[in-house]
Amino acid sequence: MYIGIALTVCRKRLTVPRLSALLRRRHHGAQMKLNLGCGSQILPGYCNVDKVGEPDLKWDLESFPWPWPDNAAEEVLLSHVLEHLGQAPATFLAIMQELYRVCRNDALVKVVVPHPRSDFFLGDPTHVRPILPMTLEMFSRRVNEEWRQQGASNTPLALQCGVDFDIVSIVQMLEEPYLSLYRSGKIAAEQLQEIERTQFNIVSQIEIVLKAVK
Ligand SMILES: C[S@@+](CC[C@H](N)C(=O)[O-])C[C@H]1O[C@@H](n2cnc3c(N)ncnc32)[C@H](O)[C@@H]1O
């Protein structure tokens with residue numbers, strides 16, 4: 001797994017076209033690419049989906065089943081969406097199950113979320129749940145099996161939901177002044193990790209790439 005700190009000024013969100021370029025590196029022919037909760041970011045080559053506006057497909061992602069067959073998608077983008085979905089835990093788990101069902105083996109799922117300890121997350125009343133890398137790691141069978149062997153009490157959500165997502169990479173976008181301090185060598189990556197864990201407004205957003213394992 002790659003864990004990185006992005007050297008980009010980030011009071012602003014990443015633009016979706018840049019995210020799309022990252023996802024496009026893994027193009028495998030004609031399979032479907034989904035941009036879920038697209039908002040106004042309509043991406044060429046994707047099925048752009050939202051419950052409002054004028055997307056390619058108007059769909060409420062909290063309505064099940066989703067309108068795609070099993071194994072239909074090679075890429076899925078959820079940019080600043082997952083934190084808006086599934087206020088009830090059962091709904092959130094159903095979303096993860098539908099995401100897994102529509103992904104083919106090895107499909108990449110890029111999730112971009114505001115850091116839960118940032119004003120970007122706390123300031124929006126339509127954010128219904130914090131998402132951390134560990135939230136998504138709970139949907140990895142390998143991690144669940146490790147917990148089981150260790151006798152850990154963590155809920156094995158991959159096993160319970162019948163899904164399996166590996167985390168491929170995690171990139172955290174630093175706020176200023178931490179970005180400049182890191183760039184100038186005045187703060188080390190280890191110190192940043194510690195203050196990110198305990199303080200607010202250190203990281204603005206987290207980009208997590210998952211891979212569906214089938
Ligand atoms: C913060 S916007 C992000 C839009 C875009 N992905 C971006 O990065 O600019 C969240 C989007 O998720 C959509 N959304 C929220 N709940 C949804 C649901 N249940 N079904 C479909 N779309 C939903 C909203 O309508 C909105 O367009």
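The buried residues of helix α2 pack against β5, β6 (103-114), α6 (157-161), β7 (165-174) and β8 (203-212), where contact requires C-beta atoms, placed from the backbone, to lie within 7 Å. Helices (H or I, at least four residues) and strands (E, at least two) are DSSP runs numbered from the N terminus. The model is a predicted one, in which local features need pLDDT of at least 70 and side-chain atom pairs count only at pLDDT 80 or more, whereas totals for chains, interfaces and linings use all residues. Residues are numbered from 1 along each chain as its sequence is written.

The buried set of α2 consists of A94, I95, M96, L99, Y100, R101 and V102, a residue being buried if 20 or more other C-beta atoms, placed from the backbone, lie within 10 Å of its own, exposed if 12 or fewer do, and partly exposed in between. Helix α2 has 14 residues and reaches 20 Å from its first C-alpha to its last, close to the 20 Å expected at 1.5 Å a residue, the expected span being 1.5 Å times one less than the number of residues.

In the loop between β5 and α2 (89-102) lies L85, which counts as buried because it has 20 C-beta neighbours inside 10 Å. When residues up to four places away in sequence are not counted, L85 touches L61, E62, F92 and I95. The C-alpha atoms of L85 and D60 are separated by 9.9 Å, although these residues stand 25 residues apart along the chain.

Strand β2 (residues 32-36) is largely enclosed by the rest of the structure, because 4 of its 5 residues are buried. It is joined to strand β5 (residues 73-79) by 4 bridges, the two running parallel, and L34 has V76 as its bridge partner in β5. A parallel arrangement also holds for β2 and strand β3 (residues 47-50), which are joined by 3 bridges, with V49 of β3 as the bridge partner of L36; pairing of two strands requires at least two bridges found by DSSP.

Around the ligand there are 16 residues, of which G37, G39, K51, L61 and S79 come nearest, a residue being near a molecule or strand if its C-beta atom, placed from the backbone, lies within 6 Å of it. The shell around the ligand divides into 6 nonpolar, 6 polar and 4 charged residues.

Over the protein chain, the secondary structure comes to 8 helices and 8 strands, and 35% of the 214 residues count as buried. Among contacts between residues at least 6 apart in sequence, 72% join residues at least 24 apart.

Definitions and conventions
Ala, Val, Leu, Ile, Met, Phe, Trp, Tyr, Cys and Pro count as nonpolar, Asp, Glu, Lys and Arg as charged, and the others, Gly among them, as polar. Two residues are in contact if their C-beta atoms, placed from the backbone, lie within 7 Å.
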